[in-house]
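Please consult the sequence and the model alongside the text.

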Amino acid sequence: MFEEMFGETVALLKSKLHIPEAYAIFFTSSATECWEIIAQSLVERQTTHIYNGAFGEKWWQYTQKIKPLALGISFDENEEIPYDHISPNTEIICLTQNETSNGTQVSNAKIKAIKEKYPQMLLAVDATSSMAGINLDINQADLWFASVQKCFGLPAGLGVMICSPRAVEKGLAIQENLHYNSFPFIIGMTAKNQTAYTPNVLGIYLLNRVLQMVPDIKEVDIKIKDRYRRYIHFFEESTQLDLHIHEPATRSHTVLVLEGEQDQITTLKKEAKKVGIQLGNGYGKYAHITLRIANFPAIGDRDVDKLLQFFSGKR
Ligand SMILES: *Cc1c(COP(=O)(O)O)cnc(C)c1O
């Protein structure tokens with residue numbers, strides 16, 4: 001029965017990722033769909049987006065198409081997230097916990113501080129490339145979402161959205177009902193372990209199976225951060241490539257960005273390919289001078305050893 005499997009998957013998410021019992025969880029087709037659901041159904045007039053990279057900026061741009069008053073505040077990659085000057089008309093503060101494009105992150109402590117400074121606003125967090133990889137303090141924000149092709153290690157085509165009771169209350173009060181994926185419709189179906197449209201059943205099933213296998217997020221978090229420190233130590237010693245983000249407080253634990261000369265990056269990618277390693281391309285304006293390494297839980301220790309061995313031979 002689908003309803004049973006759906007309910008069990010939600011329960012597994014709650015227990016493995018330490019999501020408070022009172023939060024509602026439903027599935028979408030992607031993180032991008034979550035951006036749109038928030039813009040169309042959870043805000044009447046104004047969101048404020050604090051961003052330092054391509055995904056955060058795109059979220060703001062997509063929201064502006066639906067809610068033209070959406071505000072954007074940009075900040076530097078090596079600076080901690082600024083939040084002193086949020087417009088008082090803001091209904092939802094939107095931030096990208098892990099900016100996949102440049103390898104930066106916002107700590108649980110900062111998220112908590114933002115929430116405490118603006119208790120009347122909702123806080124929405126894009127955790128697409130960190131959820132299921134690091135231990136996020138879900139209680140400190142109202143909307144969290146991710147898609148499963150990053151830290152969940154699953155095929156693309158499924159998004160997970162997590163909503164606090166306050167977020168649900170706001171969505172039900174606004175009663176936006178113009179779309180197949182309008183929030184009140186989805187929430188109504190979710191209460192019965194049903195969906196508003198035929199979902200990605202195979203994706204939900206695979207998520208269920210993976211969640212049964214993976215350890216508690218606290219354990220995964222320790223492993224990911226150990227591995228992160230191993231990478232950082234290695235590349236700090238390396239004379240060849242630099243860490244793109246210099247400030248340790250803003251550096252992502254799950255996406256490492258390395259920087260070098262354009263020729264060097266091109267050559268490294270080619271040589272890696274010869275030994276069966278596909279190095280991740282940089283993103284956007286840094287594409288030609290950076291490489292990205294995914295520090296995701298599904299990657300085995302042996303693959304990490306192989307990757308570091310490759311880089312060792314190159315310095
Ligand atoms: C990958 C990514 C997205 C987009 O995910 P889709 O599943 O393609 O919609 C959004 N935000 C961040 C931070 C991402 O890393």
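**Helix 1 and its surroundings**

In this predicted model, the buried residues of helix 1 pack against strand 1 (24–28), strand 9 (159–163), helix 6 (183–190), helix 7 (201–213) and helix 8 (217–237). The buried positions of helix 1 are Met5, Phe6, Gly7, Thr9, Val10, Leu12, Leu13, Lys14 and Lys16. Helix 1 itself comprises 15 residues, 2–16, and its span from first to last C-alpha is 21 Å, close to the 21 Å expected at 1.5 Å a residue. Just after helix 1, His18 adopts a positive phi of about 55°.

Helix 8 provides the largest share, 6 residues. This pocket holds about 350 Å³ of space, and its lining consists of 14 nonpolar, 1 polar and 4 charged residues.

Of its 20 lining residues, Gln278, Arg292, Ile293, Ala294 and Ile299 are the closest to the centre. Strand 12 (280–281), strand 13 (290–294) and helix 10 (301–312) each give two or more residues to this lining, with helix 10 giving the most, 4 residues.

A search of the whole structure also finds 3 cavities of 30 Å³ or more. The largest cavity has a volume of about 130 Å³; among its 19 lining residues, Asn52, Phe75, Thr96, Gln105 and Val106 lie closest to its centre. By class, the lining of the largest cavity has 7 nonpolar, 8 polar and 4 charged residues.

Notes. Residues are numbered from 1 along each chain as its sequence is written. This is a predicted model: local features need pLDDT of at least 70, side-chain atom pairs count only at pLDDT 80 or more; totals for chains, interfaces and linings use all residues. Side-chain values use heavy atoms; hydrogens and water are left out. On a 1 Å grid over the protein atoms alone, a cavity is a set of points where a 1.4 Å probe fits but cannot get out, and a pocket is an open set with protein on both sides within 12 Å along at least five of seven lines; lining residues have an atom within 4 Å of a point. Grid points are joined across faces, edges and corners, and a volume is the space filled by probe spheres set on the points. Ala, Val, Leu, Ile, Met, Phe, Trp, Tyr, Cys and Pro count as nonpolar, Asp, Glu, Lys and Arg as charged, and the others, Gly among them, as polar. The expected span of a helix is 1.5 Å times one less than its number of residues. Buried means under 20% relative accessible area, exposed over 50%, partly exposed in between (1.4 Å probe, protein chains only). Contact means heavy atoms within 4.5 Å.
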